[in-house]
Amino acid sequence: MSTPALRKKRRQTSVEGTLDTAFGWAVGDTRSMLVRAVLCAILLFIFAGPILTIIVGAFDLNPDPTALTLWPHNPSLENFRVATGRGIWGYFANSLFIAGFGLTLQIAVAVTAGYALARRKFYGQTVVLGVFLATMMLPEEVVAVPLAVVLGDLPLLGISIRGTVFAIILPVAASAFSILVMAAFMRDIPEEIIEAARIDGASEFRILVQVILPMCLPALGVVAIFGFNGIWDQYLLPLVAANRTEDYTITVILRSLRADVEVGTGALLAGAFLALIPSLIVYLLLQKSLVRGMTSGAIKG
Amino acid sequence: MAAGIRMSFQEVSPFLGNQWVGWENYATVLTNSRFHQAVSNTLVLGVGQSFGAVLVGFILALLLEGPSRSLWFVRTAVFLPVVTASAVVGEIWRIIYFPSPDGFMNKVLGLVGIDPIRYLEDTSVALYAVMTVGIWSSAPYYMVIFLAGLAGVDRTLYEAAAIDGARLRHRIVSITIPALRPAIMIVSILAAVRALRIFTDVWVLTGGGPAGSTQVWMTQIYTQGFERNNLGVASAASILLLIASVLLTVVAIYFTRNKEDR
């Protein structure tokens, strides 16, 4: 008994859109939208609020160490002046250099190693893959102590790179995650394209740079953002690897900036702002890659 | 290359100090009461933080699912804590947790009538304060994974449930959660492995204090190895952590394999 009237009623009860989301948000229903807007505002306050206070606080001259505000009362660059006096830009430069150089190396390693894993068959391939997977599960934290010793006396070379930026750059250069992402992506490139290039007489290196690489841009985006965040977030490694405080990165120096009673919260926030900005920029630029990398990683485990 | 160096040294490191001490370092670790406390703190923090982050991530995903542009904006903003370096997260939360009554957190909670708390200086609260920060900075990460899972849920199931007159609670319990089970599984393991090696958050927020009440395994290793120069003991503790992580990962791989076989 499905009269037009009944059908109409059913359509009304299930307001348009409720079936599109797990939570059954009704698009177009004013009350539902209002509830949602309020919830979103609360979430924004909780999750984005603290980040916003860093940005605002860095430009706000406020002597009160407890005051965090979402609106600047006394806009000024004084905080940055004080932070400059503590050499904040030097640490910032350290961080940028390490992140830039480390990321470049990491991408180079990921591309070449990924290519080798995906395209060339060689003896012991599964072993190499296994070792990569193993180190991927072993984060820097676990190996911090042995690593500190290794960096003080490089095997084979017998030199110490501890206390130089290379002590931080080298360990981050090889990221199993990046290599696996590149390898997985390169495996999907059709063999015919490479064959065609080879018949045209392209060298192995040329194939990699001119044929494969342009096709790997999405994977490169994933590697870039994960690599950058991973390196920028390093805390224990610079702490362990540096001999002098001048070699610290900006994330590490924040702690001493806080302990320094003369500079106050404002300068700390200015430092935090500098430590925050690069990751913000990279995130906003490569947001799509980030989501892609996370979800593909999650599906593959 | 780095992999090889690391691997080789993990075997050598327990005998540092150029002296063979056998299992002594391990004995020291296993009998030291500080390490005992670190183990229980790590477990409490790990379990609480993983569970909390996954739960909050799931709720976030439910609340923020949808195609509209404004929701995309909210999701982008909510994700910010994840990309922020953990040192920065720690510093900002130290200010939020400022112990005086006019500290930010105390003010906000004061609005709902909660008395001021000295978050990071109270031995009974500090660990939970650290846990909150951990949940705050990792839940949005899991949200994104859940959102991807939610997008794959068959819409006709919702429709069928609506026709059957199922309530929202039933709908989530019997459709959404089963559909997301693989994602929940993976995310939980991810969270657990992360929690085992938590360092920066704790180090920046409390440095292990007050009175060791937030001392976790990694901060204990750092204190032993680099502040007291007990590299041997620290290495032994590192190896134990390594074994724990490997065990957890193997369990993880075993479970995910199982899923694929079915």
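**Close-up views of a predicted two-chain model**

**Figure 1. Contact range and make-up of chain A.** Among the contacts of chain A with a separation of 6 or more, 69% join residues 24 or more positions apart. The model shown is predicted. Chain A contains 15 helices and zero strands. Of its 301 residues, 41% are buried. The mean pLDDT of chain A is 71, and 66% of the residues score at least 70. Residues 6-15 of chain A have a pLDDT below 50, and this stretch makes six contacts in the model beyond near neighbours in sequence. Where pLDDT is low, the predicted coordinates should not be read in detail. For the model, ipTM is 0.72 and pTM is 0.76.

Figure 2. An unreviewed UniProt entry lists the feature "transmembrane region" at residues 37-59, 88-115, 127-151, 163-186, 207-228 and 266-286 of chain A. In the model, residues 88-115 of chain A are 100% helix and 0% strand, with the end C-alpha atoms 40 Å apart. Residues 266-286 of chain A are 95% helix and 0% strand, and their end C-alpha atoms are separated by 30 Å.

Figure 3. Is A:Leu237 buried or exposed? A:Leu237 has 25 other C-beta atoms within 10 Å and is therefore buried, the cut-off for burial being 20 or more. A:Ile169 lies 68 residues from A:Leu237 along the chain, and the C-alpha atoms of the two are 9.7 Å apart.

**Figure 4. The largest nonpolar core.** This core comprises 141 residues, and A:Met182, A:Ala272 and B:Phe146 have the most contacts inside it. The element that gives the most to the core is helix H7 (residues 126-151) of chain B, with 17 residues.

**Figure 5. B:Phe146 and its contacts.** B:Phe146 is one of the residues with the most contacts inside the largest nonpolar core. Which residues does B:Phe146 contact, leaving aside neighbours within four places in sequence? They are B:Gly57, B:Phe58, B:Ala61, B:Leu180 and B:Ala183. The C-alpha atom of B:Phe146 is 9.9 Å from that of B:Arg181, a residue 35 positions away along the chain.

**Figure 6. B:Arg181 in its helix.** B:Arg181 is located in helix H9 (residues 168-196) of chain B. Because B:Arg181 has 11 C-beta neighbours inside 10 Å, it counts as exposed, the limit for that class being 12 or fewer.

Figure 7. Chain B has 12 helices and zero strands, and its pattern along the sequence is accordingly written α-α-α-α-α-α-α-α-α-α-α-α. Of its 262 residues, 46% count as buried. Contacts between residues 24 or more positions apart make up 72% of those in chain B with a separation of 6 or more. The chain averages a pLDDT of 72, and 73% of its residues reach 70 or more. Confidence in chain B is highest in H7(B), at a mean of 82, and lowest in helix H1 (residues 2-12), at 41. Over residues 1-19 of chain B the pLDDT stays under 50, and the model has 39 contacts beyond four places in sequence for this stretch.

Figure 8. For chain B, UniProt gives "transmembrane region" (unreviewed entry) at residues 43-64, 76-96, 125-151, 172-193 and 233-255. Residues 43-64 of chain B are 100% helix and 0% strand in the model, and the end C-alpha atoms are 31 Å apart. For residues 172-193 of chain B, also 100% helix and 0% strand, the end C-alpha atoms are 27 Å apart.

Figure 9. Helix H4 (residues 69-83) of chain B has 15 residues and spans 21 Å from its first C-alpha to its last, close to the 21 Å expected at 1.5 Å a residue. Its buried residues include B:Val74, B:Arg75, B:Val78 and B:Phe79. B:Leu80, B:Pro81, B:Val82 and B:Val83 of H4(B) are buried as well. In helix H6 (residues 104-111) of chain B, the buried residues are B:Phe104, B:Met105 and B:Asn106. Helix H5 (86-96) of chain B is included in what covers the buried residues of H6(B).

How values were computed
Residues numbered from 1 in each chain as written. Chains lettered and ligands numbered in written order. Predicted model: local features only at pLDDT ≥ 70, side-chain atom pairs only at ≥ 80, totals over all residues. Core = buried A, V, L, I, M, F, W, Y, C linked by C-beta atoms within 7 Å. Helix = DSSP H or I, 4+ residues; strand = E, 2+ residues; numbered from the N terminus. Contact = placed C-beta atoms within 7 Å. UniProt positions renumbered as here; feature names shortened; annotations may be inferred. pLDDT = per-residue confidence, 0-100. Expected span 1.5 Å × (residues − 1).
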